[in-house]
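Q: I'm new to this one. Can you put it up and walk me through it?
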Amino acid sequence: STVPTATISRLVTYLRILTQLEAQGIKKTSSEHLADEAQVSAFQVRKDLAYFGRFGTRGAGYTVPTLRRELRRILGLTRSWSAAIVGMGRLGEAIAHYPNFGAYDFLLKGAFDIDPHKVGREVAGLTVQHVDELPRVVREKGIDIGFITVPHEAAQDAADALVRAGVKGILNFAPTVIDVPKEIHVEPVDFLAGLKRLSFYILNPQLREEVA
Ligand code: NAD
């Protein structure tokens, strides 16, 4: 059976809340509290967690460090992941410089471009390499994840190069749908799409889903 994408998004939110609770030294929480913080219903919290097993005890709620550890395990965040960026323009550089990148053991191990002016440059401690080097670097550095930060018309080429090189997943920042074999997972990231949803909801506040 499958798990709704929205559930996975909410697990990420619950994990963030649990991390904050743990940082405050709070040891116990409840589906009601998580629901409040995540702006969903307590029923939703329990349903989301139930896809993955039984956590906490009836009436006593959840132990913060335990539930946090379980969510990290479910999300695959107890191991490290190696990533490479394809497209070292404005966005690629900004991501490479993002200081919190390694917070969950996402390790940036490669930076690629096709522009001869960019290849060979140092960015955030990495030497930008030509995309032709992708298969070798992916193999040698064990890169699992590719970030696509190329112009939209180059996104499919970048995806093909990443898939041929052997990555398992792609975070696609380019505003276009890319075709990949079905064993590869693509996560689109698009703040412009968020902006369009935002303008809709500013104009149509009455059409927002109720928080139960
Ligand atoms: P940019 O022009 O500054 O950088 C693009 C880089 O990609 C350049 O260095 C270029 O040489 C390189 N490139 C071009 N073709 C390539 C290929 N086939 N292989 C490897 N590298 C290649 O662009 P930018 O402003 O950094 O934007 C990059 C992409 O990110 C665009 O598609 C843009 O629409 C998108 N974007 C997305 C978001 C978001 O929220 N998802 C935000 C900003 C920009």
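Predicted model: local features only at pLDDT ≥ 70, side-chain atom pairs only at ≥ 80, totals over all residues.
Q: What share of the 212 residues in the protein is buried?
A: Buried residues make up 25% of the 212. Buried means 20 or more other C-beta atoms within 10 Å of a residue's own, exposed means 12 or fewer, and partly exposed is in between, with C-beta atoms placed from the backbone.

Q: How many helices and strands does the protein have?
A: Eight helices and 10 strands. These are DSSP runs, numbered from the N terminus: helices are H or I with at least four residues, strands are E with at least two.

Q: And what does the C-alpha trace span?
A: About 60 × 40 × 35 Å along its principal axes.

Q: Now the ligand. How many residues surround it, and which are closest?
A: 26 residues surround the ligand, and the closest are G87, G89, L91, A154 and F191. A residue counts as near if its C-beta atom, placed from the backbone, lies within 6 Å of the molecule or strand.

Q: Which element gives the most to that shell?
A: α5, with three residues. The elements that each supply at least two are α5 (90-97), β4 (106-113) and α7 (155-165).

Q: How do the shell residues divide by class?
A: 15 are nonpolar, five polar and six charged. Nonpolar covers Ala, Val, Leu, Ile, Met, Phe, Trp, Tyr, Cys and Pro; charged covers Asp, Glu, Lys and Arg; the others, Gly among them, are polar.

Q: Back to G87. Where is it found?
A: In the loop between β3 and α5.

Q: Is G87 buried or exposed?
A: G87 is buried, because 26 other C-beta atoms lie within 10 Å.

Q: What does G87 touch?
A: Leaving out residues up to four places away in sequence, G87 touches G92, D113, I148, T149, V150 and A158. Contact means C-beta atoms, placed from the backbone, within 7 Å.

Q: Switching to the largest nonpolar core. How many residues does it have?
A: It has 28, and those with the most contacts inside it are A84, I85, V86, I148, A158 and L162. A nonpolar core is a set of buried Ala, Val, Leu, Ile, Met, Phe, Trp, Tyr and Cys residues joined through C-beta atoms within 7 Å.

Q: Which element gives the most to this core?
A: α7, with six residues.

Q: What is L162 in contact with?
A: V86, L134, G146, V167 and I170, leaving aside neighbours within four places in sequence.

Q: What does the second core include?
A: It is separate and has 13 residues, including L18, A35, L49 and V64.

Q: How do α2 and α3 pack?
A: Helix α2 (residues 31-38) and helix α3 (residues 42-50) pack at about 105 degrees, with axes 8 Å apart. Axes are lines fitted to C-alpha atoms, for helices over the stretch in contact, and angles run from 0 to 180 degrees between N-to-C directions. So α2 is roughly perpendicular to α3. Under 35 degrees is roughly parallel, over 145 roughly antiparallel, 65 to 115 roughly perpendicular, and the rest oblique.

Q: Which residues make the contact?
A: S31, E32, L34 and A35 of α2, and A42, Q44, V45 and R46 of α3.

Q: Last one. Where does G125 lie?
A: In the loop between β5 (122-123) and β6 (126-127). G125 counts as exposed, because it has 9 C-beta neighbours inside 10 Å.

How values were computed. Residues numbered from 1 in each chain as written. Contact = placed C-beta atoms within 7 Å.
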